[in-house]
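Trainee: I am new to this structure. Please take one part of it and go through its surroundings closely.

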Amino acid sequence: MTRRLIALAALLLSSSGVFAADTIDFQTSHHSARELQEKLELEQLLKKYDLSKYTFTRTVVIEERAMNHAFPALTLNVHFLGSDDELLSSFLHEQLHWYLAQHRLAMEDAVRQLKAMYPRAPVGLPEGADTEYSTYGHLIDCYLEIQADRELIGRDRTDRVIKNKPWYTWIYKTILQDEDRIAALVKAEQLEMN
């Protein structure tokens, strides 16, 4: 009996990555080859990394021509197909929007403070986000994304990922230039990932 329990425990521990991937429902919009390949790559990433700390929604839609977005369903395009680090970073970015949505009042307060810190933040791609509020909100989301990336893939690989981002260029540049200042705000508003 003890041997069976030990064997079962070993099997469960060795397959924990499989269970992590099973907790996310990946859906493809058009079932194209590129969407199916990204689904496979995302499933592999969930087996490789423990993303439980960063998973707030369990439905992920892969839509080849969409812009990445978090709501109403987390949706990823195939822009970073074949680049695990950039795909992982995008997945984390959109998941973190769900985390921040659970902390609406703290986010609103943080955005007010960020407006005072950066009164002329750009609106619109590639430098900013769609709206003024979204640009300021992305200073928090992208800061948390960078921290998560560093935890999972290290500083050097994170630096390469952030350098290659084709959008939110002012947001990422500002975070890297004023990281201590933004970190203090995130901490003060209790928006850190624990």
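Mentor: Apart from its neighbours within four places in sequence, Asp149 is in contact (heavy atoms within 4.5 Å) with Ser89, Leu92, Gly154, Thr158, Val161 and Ile162. This is a predicted model, in which local features need pLDDT of at least 70 and side-chain atom pairs count only at pLDDT 80 or more, while totals for chains, interfaces and linings use all residues. Residues are numbered from 1 along each chain as its sequence is written, and side-chain values use heavy atoms, with hydrogens and water left out.

Asp149 lies in helix H6, residues 132–153; helices are DSSP runs of H or I with at least four residues, numbered from the N terminus. Asp149 is buried and has no salt bridge, the nearest side chain of opposite charge being Lys165, 5.6 Å away. Buried means under 20% relative accessible area and exposed over 50%, with a 1.4 Å probe and protein chains only. A salt bridge needs a side-chain nitrogen of Lys or Arg within 4 Å of a carboxyl oxygen of Asp or Glu; Lys and Arg count as positive, Asp and Glu as negative.

Thr158, Val161 and Ile162 are also the buried residues of helix H7, residues 155–163. They sit on the same side of H7 because they cover an arc of only 95° around the axis, taken from the directions from the helix axis to the C-beta atoms. On the other side of H7, Asp156 and Lys163 are exposed. The cover over the buried residues of H7 includes helix H4 (84–101), H6 and helix H8 (169–177).

Key. Helices (H or I, at least four residues) and strands (E, at least two) are DSSP runs, numbered from the N terminus.
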